[in-house]
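Subject: Handing over a structure, with notes

Dear colleague,

I am passing on the structure below, followed by what was found in it. Please look through the structure alongside the notes.

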Amino acid sequence: SRGDSMSDLNEKIVEYYENYEASKLYRESANRLKAEIIQEMQMKGSSRHSHPDFEVKLTSGTITPNMDHILPLLESDIADDLIDSGAYIPAHTETKEVPATVNYSKLNPFKQNGTEYADAIEKSKMRVPGLSVKPKKNQ
């Protein structure tokens, strides 16, 4: 009967919503714990942690550009080349505002233009470490 399928659907919707909300809560908690673990391991100066059940190590993570070090390059004689090559993509509007970005695989070759460029490019790299926690394989 239609009434039964309707109540089944309503139950699924409630269950979906509750699971979705719970997953957000767990993700926030996991991210907070991850940040604390990374911070503690960094303070100890360790890239690995001995745990009875998990293989734990800091990963190289992602690089976020520090634009304070990129901006001087945009006022230098290589500015046009940085933009033309796609190493630096200025802020622009597509259907929404798109922030400025840096493509390090295209930017790194400009380090050959001199030490002041190489220094600025290296200083611009702010590495955000990742964390890897995997169950140990049973020997």
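The protein has five helices and seven strands, where helices (H or I, at least four residues) and strands (E, at least two) are DSSP runs numbered from the N terminus. Starting from the N terminus, the order of the elements is α-β-β-α-α-β-β-β-β-α-α-β. Please keep in mind that this is a predicted model, in which local features need pLDDT of at least 70 and side-chain atom pairs count only at pLDDT 80 or more, while totals for chains, interfaces and linings use all residues. Residues are numbered from 1 along each chain as its sequence is written, and side-chain values use heavy atoms, with hydrogens and water left out.

Overall form

The radius of gyration of the protein is 23 Å, whereas a compact globule of 139 residues would have one near 14 Å; the radius is taken over C-alpha atoms, and the globule rule is 2.2 Å times the number of residues to the power 0.38. Along the principal axes, the C-alpha trace spans about 75 × 50 × 25 Å. Of the 139 residues, 19% are buried, a term that here means under 20% relative accessible area, with exposed meaning over 50% and partly exposed in between (1.4 Å probe, protein chains only). Among contacts with a separation of 6 or more, 59% join residues 24 or more positions apart, a contact being heavy atoms within 4.5 Å. The protein exposes about 10600 Å², and carbon and sulfur atoms supply 53% of this area, which comes from the Shrake-Rupley method with a 1.4 Å probe, where for residues only the protein chains shown count as cover.

Charges and salt bridges

There are 18 positive and 22 negative side chains, and the centres of the two sets lie 9 Å apart; Lys and Arg count as positive and Asp and Glu as negative, while His and the chain ends are not counted, and the place of a charge is taken as NZ of Lys, CZ of Arg, CG of Asp or CD of Glu. Side chains of opposite charge can pair when their charged atoms come close. With a salt bridge defined as a side-chain nitrogen of Lys or Arg within 4 Å of a carboxyl oxygen of Asp or Glu, the count comes to five salt bridges.

One of them joins Lys111 to Glu122, at 2.7 Å from N to O. This pair links distant parts of the chain, with Lys111 in the loop between helix 4 (104–107) and helix 5 (115–123) and Glu122 in helix 5, 11 residues apart. Lys111 counts as partly exposed because its relative accessibility is 27%, and so does Lys125, at 23%.

Another salt bridge is that of Glu55 with Lys57, whose closest N and O atoms are 3.9 Å apart.

A residue in strand 7

Pro135 lies in strand 7 (residues 125–135), and Pro135 counts as exposed because its relative accessibility is 57%. Leaving aside neighbours within four places in sequence, Pro135 is in contact with Asp53 and Phe54. Pro135 and Tyr117 are 18 residues apart in sequence, and their C-alpha atoms are 43 Å apart in space.
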